[in-house]
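Take a look at the chain below.

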Amino acid sequence: MDPNKNTREEFANALVVMPVPEFASPEWKKYVQRSQVLLDKLAHHSAMAPNLQQTYKTPANSKNKVYFEWDFVGRTLSMFYDINPTLQGLSKQEKEKWEDAVGRTMFTKMLILDARPGMLDMMTETTYPEQKGAHPDFGEEILELARHLDD
């Protein structure tokens, strides 16, 4: 995909529909499948509407916490795809990437579930001062998905 031509929605959809190999380890499947569902829900959250049809490289119209998490989860999912899905015979680099991706998943869970004014709200306001006080709710469906990212 071309980040200068393809939209954020196209990038998200490409990550969400990536097939999960039957031979993948249960642990790899768990993280990938749950991240796919979460990414799809974040992409189609109403707070992403101003950003979804922009090209991936275009600065987002609304740099809110849903956008931040959408980007973070998408990048994390891409990391999982770079790792041998059997989790067997991993190189040192793949092991480090696995640990990083699992850690990012735990961080995602923490940020989404952190009550207002949570760390994600503060991070968003620090990076994008125009977002001060403008924090969309994730909604119960996304909260529930986050609760079970690592079960």
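Predicted model: local features only at pLDDT ≥ 70, side-chain atom pairs only at ≥ 80, totals over all residues.

Residues are numbered from 1 along each chain as its sequence is written, and side-chain values use heavy atoms, leaving out hydrogens and water.

Start with the fold. The chain has seven helices and zero strands. Helices (H or I, at least four residues) and strands (E, at least two) are DSSP runs, numbered from the N terminus. Along the sequence, the pattern reads α-α-α-α-α-α-α.

Now the overall form. The C-alpha atoms fill a box of roughly 45 × 35 × 25 Å along the principal axes. The radius of gyration, taken over C-alpha atoms, is 16 Å. That agrees with a compact globule of 151 residues, which would have a value near 15 Å. The globule rule is 2.2 Å times the number of residues to the power 0.38.

How much of the chain is buried? Buried residues make up 43% of the 151. Buried means under 20% relative accessible area, with a 1.4 Å probe and protein chains only.

Zoom in on helix H1, residues 8–16. Here Arg8, Phe11, Ala12, Leu15 and Val16 are buried. They sit on the same side of H1, because they cover an arc of only 130° around the axis. The arc is that of the directions from the helix axis to the C-beta atoms. An α-helix has 3.6 residues a turn, so residues three or four places apart point the same way.

What covers the buried residues of H1? The cover includes helix H2 (26–43), helix H3 (49–52) and helix H4 (65–81).

How values were computed. Buried < 20%, exposed > 50% of the residue type's maximum accessible area, 1.4 Å probe, protein only. Contact = heavy atoms within 4.5 Å.
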